[in-house]
Amino acid sequence: MKLTVLKQYLNESIGHVSKAISSRTTIPILNGIKIDVDSSGMILTASDTDISIQSFIPAEDNEIQVIDLKQSGSVVLPSKFFVEIIRKLPAQQVEIEVKDHFQTTIRSGSSEIQFVGLDPEEYPIMPGIEENKRIQIPSDLLKTMIKQTSFAVSTNEATPVLTGILWTITDGKLKFTACDRHRLASRETNIDTEEGMTLNNVTISGKTLNELAKILPDQNTLIDVVFAENQVLFQINSILFYTRILEGTYPDTSKLIPQFYQTEIVVNTNELIDAIDRAYLLSREDKSNIVKLMMLEDQSIEISSTSSELGKVTEELMTSSMKGELLRISFNSKYMLDALKVMDSEQIHIGFTGAMQPIIIRPNENSSLLQLILPYRTTG
C-alpha cells in the first residue's frame, strides 16, 4: 500500500473513528485503526465490539485531490500513536507506505515515522445490517434529544438495560426515555415514518449516544437511522456509526407519570437554577445534596439547605403562578439542576402530587419534554 493524503482530511477522520476505541478491550487488534485504500478513497475503521465507526475519505472532494494513490491495500495501525503522530505532523501532505509484514512508514515534511502494523485479515468484520426499519432525523434535533435525556441513564451495570435510552415510535412520534430509578427524562418529537411503523424495546447505551452526539454536525443535516434485529446504524455524511441494542426489556415507566397534580407552580427557570445552585453548594458539603422547597402563602417558594458544619442557606423566589395545596418537599439538588439545565424555556411548570410523590418538571409551553425526580423523606 502506498499513497499520499491531505493531513486535514486524515486528521478529521481519525478523530471520528477513535471515539470507538476502548482501552479496556480484551482483543489486542481492536487497539488499532484499520485502513483500507482503493481508487475510490480511504476507509478508516475502529471498534470496541459495542460501537463500530467507519469514516470514508474520498479520493477527490469538490475538485480537490485528497488522495494520490500509488498502490491500494490495507493495514491496522496502533491507534494510540497513530492518532497523536498524525495530529503533530509538520506538513499538509502525509505519505503512508506499507511494505512486507505490514511494516509501515509515514512521511510528512522532514519527519519519518515507522510503525509495526498488524494484519487487517485479523480485524473483526463490521456487523451486517439487515434493514428492518429506517427513519430520518435532523442532526441538531437528535443531538438535543440525547442531551435532554442521557444524563438520567443508570450508571449501575447490574441492570444493563437501564444504562441506555429507550427509543419508541408510535403514531409518527419518536420518544426517548431514560430512567435510573431515582429520576426519569423523556423527550418526544414528530417524525416522518412509513404508515403504521412502530418501534418497541430498542435501547441504546447512553454512553454510546453521547459519543455519537460528539460526531453529529450542528447544522440541520438529515441523519439516517437504520434499525436491525440487534444493531442500529447511524449514517452521518461520510461516517457510519454502528452500535448494538442493549439486551433486556425496558421497564414500563408510564405508570410513574401522574395524571393529575395536587399542587402546580410556574417559575422562572434561570432564577430557580441559580437559587438551587447556591443551596447545592452547602448541601454538597454534607454529601447529601438535599435541598428543601417550601411553598408560602404569598405565592412564593423558599429554597433552603443546611450543613452541619457550615450553616444554612435560605432564599425566596416569587412564582409566576401557584395553585393547589402548599407543600414542603425535599429533593436531590444535583438531579434537579441536571433536569432544569436542559429546559429550553424561560418558564417551567412543576407539578406535585404529594410530599413523597414524583416531582414532574416541564417547559411551561411545551409538553414534548418531561423530567421526573423522586423526592427524599426528611425530618424537619
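1. Confidence. In the protein chain, helix H5 (residues 269-285) has the lowest confidence, with a mean of 88, while strand S1 (residues 2-6) has the highest, at 98. The model under review is predicted. The average pLDDT of the protein chain is 93, and 98% of the residues score at least 70.

2. Overall composition. The protein chain contains 6 helices and 28 strands. Its C-alpha atoms fill a box of roughly 80 × 55 × 40 Å, taken along the principal axes. Of the 380 residues in the protein chain, 51% are buried. Among contacts between residues at least 6 apart in sequence, 65% join residues at least 24 apart.

3. The sheet that contains S1. An open sheet is formed by 5 strands in the order S7-S1-S9-S10-S11, with antiparallel pairing. Its edge strands, each pairing on one side only, are strand S7 (67-71) and S11. From one strand to the next, the twist averages 15°.

4. Pairing of S1 with S9. These two strands run antiparallel and are joined by 5 bridges. The bridge partner of leucine 3 is isoleucine 96 in S9. Two helices accompany this sheet. Helix H1 (residues 7-17) lies across S1 and S9 and runs at about 90° to S1. Helix H2 (residues 79-88) packs on the sheet and touches S9, S10 and S11, its direction making about 170° with that of S11.

5. The hairpin of S9 and S10. Strand S9 (residues 93-98) pairs with strand S10 (residues 103-108) in the antiparallel sense over 4 bridges. Isoleucine 96 has isoleucine 106 in S10 as its bridge partner. The hairpin has 4 residues between the strands, and histidine 101 takes a positive phi near 60° there.

6. The hairpin of S10 and S11. S10 and strand S11 (residues 111-116) run antiparallel and are joined by 6 bridges. Across this pairing, threonine 104 stands opposite phenylalanine 115 in S11. The hairpin has 2 residues between its strands, and glycine 109 in the turn shows a positive phi of about 60°.

7. The sheet of 9 strands. An open sheet with antiparallel pairing is formed by 9 strands in the order S16-S13-S14-S15-S28-S27-S26-S20-S24. Strand S16 (199-205) and strand S24 (321-324) are the edge strands, each pairing on one side only. The twist here averages 20° from one strand to the next. Strand S13 (residues 164-170) runs antiparallel to S16 and is joined to S16 by 5 bridges; leucine 166 stands opposite threonine 203 in S16.

8. Helices on this sheet. Helix H3 (residues 139-149) packs on the sheet, where the strands touched are S13, strand S14 (173-179), strand S15 (183-190) and strand S28 (369-373). The direction of H3 makes about 160° with that of S15. Helix H4 (residues 206-215) lies across S13 and S16 and runs at about 75° to S16.

9. The contact of H3 with H4. The two helices pack at an angle of about 145°, and their axes are 10 Å apart. H3 passes H4 in a left-handed crossing. From H3, Leu142, Lys143 and Ile146 meet Leu209, Asn210, Leu212 and Ala213 in H4. The residues of this contact divide into 5 nonpolar, 1 polar and 1 charged.

10. Serine 304. This residue lies in strand S22 (residues 300-307). Is serine 304 buried or exposed? Serine 304 counts as buried because its relative accessibility is 8%, and the cut-off for buried is under 20%. Not counting residues up to four places away in sequence, serine 304 touches Val291, Lys292, Lys312, Val313 and Thr314.

11. Tyrosine 242. The place of this residue is in strand S19 (residues 239-244). Tyrosine 242 has a relative accessibility of 8% and therefore counts as buried. Leaving aside neighbours within four places in sequence, tyrosine 242 is in contact with Asp50, Ile51, Ser52, Gln54, Met126, Pro127, Ile129, Gln231, Val232 and Leu233. The C-alpha atoms of tyrosine 242 and glycine 354 are separated by 44 Å, and the two residues are 112 residues apart along the chain.

Notes:
Residues numbered from 1 in each chain as written. Predicted model: local features only at pLDDT ≥ 70, side-chain atom pairs only at ≥ 80, totals over all residues. Heavy atoms only, no water. Pairing = 2+ DSSP bridges. Axes fitted to C-alpha atoms, helices over the stretch in contact; angles between N-to-C directions. Contact = heavy atoms within 4.5 Å. Left-handed = near helix turned anticlockwise from the far one by under 90°. Nonpolar A, V, L, I, M, F, W, Y, C, P; charged D, E, K, R; others polar. pLDDT = per-residue confidence, 0-100. Buried < 20%, exposed > 50% of the residue type's maximum accessible area, 1.4 Å probe, protein only.
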